[in-house]
4 protein chains.
Amino acid sequence: MSDLKLVGKSDARVKTTFKAGNIEIGKDFLMIAGPCSVENEEQIIQTALKVKEAGANMLRGGAYKPRTSPYDFQGLGRRGLEYLKKASEITGLPFVTEVIDTRDVYLVAEYADMLQIGARNMQNFSLLQEAGRAGKPVMLKNGLFSTINEWMNCAEYIMKEGNEKVLFCERGVRTVETATRNTLDLSILALLKQYSHLPVISDPSHGTGKIYLIEPMSLASVMAGADGLMIEVHISPENALSDGDQSLTPEQYRCVCEKVVKTKQFYDSLQFRGKI
Amino acid sequence: MSDLKLVGKSDARVKTTFKAGNIEIGKDFLMIAGPCSVENEEQIIQTALKVKEAGANMLRGGAYKPRTSPYDFQGLGRRGLEYLKKASEITGLPFVTEVIDTRDVYLVAEYADMLQIGARNMQNFSLLQEAGRAGKPVMLKNGLFSTINEWMNCAEYIMKEGNEKVLFCERGVRTVETATRNTLDLSILALLKQYSHLPVISDPSHGTGKIYLIEPMSLASVMAGADGLMIEVHISPENALSDGDQSLTPEQYRCVCEKVVKTKQFYDSLQFRGKI
Amino acid sequence: MSDLKLVGKSDARVKTTFKAGNIEIGKDFLMIAGPCSVENEEQIIQTALKVKEAGANMLRGGAYKPRTSPYDFQGLGRRGLEYLKKASEITGLPFVTEVIDTRDVYLVAEYADMLQIGARNMQNFSLLQEAGRAGKPVMLKNGLFSTINEWMNCAEYIMKEGNEKVLFCERGVRTVETATRNTLDLSILALLKQYSHLPVISDPSHGTGKIYLIEPMSLASVMAGADGLMIEVHISPENALSDGDQSLTPEQYRCVCEKVVKTKQFYDSLQFRGKI
Amino acid sequence: MSDLKLVGKSDARVKTTFKAGNIEIGKDFLMIAGPCSVENEEQIIQTALKVKEAGANMLRGGAYKPRTSPYDFQGLGRRGLEYLKKASEITGLPFVTEVIDTRDVYLVAEYADMLQIGARNMQNFSLLQEAGRAGKPVMLKNGLFSTINEWMNCAEYIMKEGNEKVLFCERGVRTVETATRNTLDLSILALLKQYSHLPVISDPSHGTGKIYLIEPMSLASVMAGADGLMIEVHISPENALSDGDQSLTPEQYRCVCEKVVKTKQFYDSLQFRGKI
């Protein structure tokens, strides 16, 4: 874990917090929700209204989608950003969205409250550097088969450009297990707390790919020390253009939110003094 | 998930419970603690007294140790079983211990309250069958790189011999991550609840290999639905003949137990009605 | 690579050879062929005749089959050994067969010219020790997710019991690739030559699981330094009780044999002097 | 393997060949050699002269280096391209070099005879598309933990932009083995021949990370059907700024080349008629 001058922990910086819109990440428990892809204006506005009501404090939605096949839906691009902005203004929810091309970083940063770097681009170093320079907070997902050391070095690339506002998002790693989409590694949350001052959240939607695993893994994430959760919600999962299988309905999300809130309160009340 | 006639879930069998000593596994929350290896009589008796006081309700300790190198300590064998029995009688704690040879199954079953089949022997089918015939409850760990389907089929081997008392123990899988010993996959706990009526516990000691990850992963395991925890405790970790690096002291274990008890109470109080 | 006192290389033992039946393993290029399972007397005798004619110098066939599900065909047991023996006597081909239970080691050793320890039992240390004591050569396959260091330690378990006749068989490791059954790692062949004096062969049938990959991977194995090949051949693959998808017909096997023989001659003629 | 309209095989296109500089890739056996990084003008010119003499027909060298840590040497950028061009002009060897940023694609395409997309950027879809539009041949490496289906889809991204000149380069995948840097999967070479009409080469330098494995894995690659090899060569490996441990000296490379040429002749002479 060498050379993590900025990402590594020092006594002076036990925990970093920073603003994304009106949220103080690392302090306020982050509840990001929304669809995999922005499909049209109506869909994202309706979703934003519903997830806010259910308990979300940040909106997500993909305008630029990295897809395995070039023939799959690639996102609405700039139009998607505009719809997200509108949904954000209507609801007051800040939003995070993915950027996948160095040339789009400044455009996305104009609209979004936080930039997302996805798993496939974790080691796209040019993109990390550009995101580091754009000034907005950056949420960095781990790669499908990367180590925690590689992941932290990617955050170091962002911070080295002068941007301290980096949020880790554990989204599962690839293993041989086929019963789940990925393997959500919660020990990484606790490990990052040990090694770094930066906040970290968990993404049980991509991490498991199974609707019925989202609630237990959300609650488990809280107890492993997560600073928030990112969960896919779609107003009509069966009609989603991508990731419908792992998307909750707004009503299902509301149930999860309620339990997450109680679990976070319980977690805080445990008063982790005298920790091992 | 074909052909899991006995291990798979049917409406008639939502959850199986069974006795191991005085514990009702699947109903009483199982707290197994003890050293990796039985080293001598004094060590296992002292440990048993300490972990009972700290909150354990079952003792563990290895008499037959599967070790990577033939030159590593291989365990005390039958003598180890006798020491475990004595520690069990003094404390009233039932004990679980590993069996690694078909020829030893009946001997181990005479002494132990539960047999352990370890990760390396998960697909040692002869051993599974013999353990199935010996009558005692069997705790089956997952292999380092097995799928959940393979794991459940191994339990099917045991049950097919007429033994319904099978307990799954998730002990982590092998990934490329080197910052932890293994990757403890908690989604497997929730998955098994979906697919099987059998109880399942978590082993954060082998699953992480890091002392400071045992507490967060224990609490996270509870929220993921675990029916218990197996944790390595040694009266003097720095002098342990094996796995000293990941062993808690009895005092550290007491702290974890307290939080686990509170977390289990909280989990039960959440009343998981209307689950997704 | 510590403590490999017997398996590791020393100047005094550049390369070990030993007899299995009439074959000098490590010197004669080993061509093992036969079905996954012995299904009946006729099948194994016919196969033995055909593979001998095609170019094989050793017969294989499973009498004890380790299968994922307890409801799959488990092999004919002792009767399978008898049929193998008969096929061996008729053709003059020595045979290798798997043993999966410590209690069967001496029985199998009575019949077979070489014992096989399979992938799932690589770290079944009791079985390794018993095989070490039985006197017959032992062919040790690698585990699905083991390291070369762990593998060599397993050979050390066998040699420590006084048995110097150990043959490594690379049969592929498990990766995320689904287009092949496993990933056949040929660099392991060259690596073992570097670290150990023991012979090593390759199993492209299990290593790829695809009929059309067996020829190229066989030839590649020769150039990577293999001392032989084990290939599944069935007189009627479409009717095989196990592994029919990856079994060659005797005619296909004959084609592979011809090219293997030429490739081995070419390999030897390259005269690997001044190797890097 | 759906939707591989352009990359997939049809009877009409058994094998694609295309020009990169004066080389007909897919027809002429490709021997790419050179250092990991261009370090200075003298180094790359000297290397180019030496590898040409040894048997290379294409030069490699990194001007833009994707490195795990932001504090590692990141390459000379445009200056590196100029040195490569000069070395290429002096020796007559065409060259391939990596591009890691969409904004640099046209610049790199001005200088290089072939663009390289590295493992970390395999699924950097914007980069693939831009490389597809730039007109020059593209060498696409596989990701550390990708499947062959994902890899071919990435080639489809390039071809969809109108560029038919795509070369696959197998550079090993990440497994748990630590004795090698990666696991070079040669079955992928034969698999790609089955599924695609595009040429494919092997990179035993990154694929093994061990100098003594480069020769056996080069020869094995030829027999598995490789259309060429990419090998790291440095005039002074012990002083290399990156990857010195796996770089051959020009003299070592010459030995490998000689054997590769003979092996390729042998491979062609085997006349793969009546293939399985």
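1. A residue is buried if 20 or more other C-beta atoms lie within 10 Å of its own. By that rule, 62% of the 276 residues of chain A count as buried. The model is a predicted one, and the points below should be read with that in mind.

2. Chain A, overall build. Chain A contains nine helices and 10 strands. Its C-alpha trace spans about 50 × 40 × 40 Å along the principal axes. For 276 residues, a compact globule would have a radius of gyration near 19 Å, and the 17 Å of chain A agrees with this.

3. Chain A, contacts along the sequence. Take the contacts in chain A between residues at least 6 apart in sequence: 68% of them join residues at least 24 apart.

4. A lysine in chain B. B:Lys141 belongs to strand S7 of chain B, which covers residues 138–141. Is B:Lys141 buried or exposed? There are 25 other C-beta atoms within 10 Å of B:Lys141, so the residue is buried.

5. The surroundings of that lysine. Setting aside neighbours within four places in sequence, B:Lys141 is in contact with B:Ile117, B:Gly118, B:Ala119, B:Met122, B:Cys169 and B:Arg171. A further distance can be checked in the model: the C-alpha atoms of B:Lys141 and B:Ala155 are separated by 9.9 Å, and these two residues are 14 residues apart along the chain.

6. Two helices in chain D. Two packed helices are described by the angle between their axes and the distance between the axes. In chain D, helix H4 (residues 125–133) and helix H5 (residues 148–160) have axes that come within 7 Å and cross at roughly 40°. That angle makes H4(D) oblique to H5(D). The crossing of H4(D) and H5(D) is right-handed.

7. Residues between these helices. From H4(D), the residues D:Phe125, D:Leu128, D:Gln129, D:Ala131 and D:Gly132 take part; they meet D:Cys154, D:Tyr157, D:Ile158, D:Met159 and D:Lys160 of H5(D). Sorted by class, this contact of H4(D) with H5(D) has seven nonpolar residues, two polar and one charged.

8. Chain D against chain A. How many residues does the contact take from chain D and from chain A? It takes 24 residues from chain D and 24 residues from chain A. On the side of chain D that touches chain A, the elements giving two or more residues are H4 and H5 of chain D. H5(D) supplies the largest share of that side, five residues. By class, the side of chain D that touches chain A has eight nonpolar, eight polar and eight charged residues.

Technical notes:
Residues are numbered from 1 along each chain as its sequence is written. Chains are lettered from A and ligands numbered from 1 in the order in which they are written. This is a predicted model: local features need pLDDT of at least 70, side-chain atom pairs count only at pLDDT 80 or more; totals for chains, interfaces and linings use all residues. Axes are lines fitted to C-alpha atoms, for helices over the stretch in contact, and angles run from 0 to 180 degrees between N-to-C directions. Helices (H or I, at least four residues) and strands (E, at least two) are DSSP runs, numbered from the N terminus. Angles under 35 degrees count as roughly parallel, over 145 as roughly antiparallel, 65 to 115 as roughly perpendicular and the rest as oblique. A crossing is left-handed if the near helix is turned anticlockwise from the far one by less than a right angle, and right-handed if clockwise. Two residues are in contact if their C-beta atoms, placed from the backbone, lie within 7 Å. Ala, Val, Leu, Ile, Met, Phe, Trp, Tyr, Cys and Pro count as nonpolar, Asp, Glu, Lys and Arg as charged, and the others, Gly among them, as polar. A residue is buried if 20 or more other C-beta atoms lie within 10 Å of its own, exposed if 12 or fewer, and partly exposed in between; C-beta atoms are placed from the backbone. The radius of gyration is taken over C-alpha atoms; the globule rule is 2.2 Å times the number of residues to the power 0.38.
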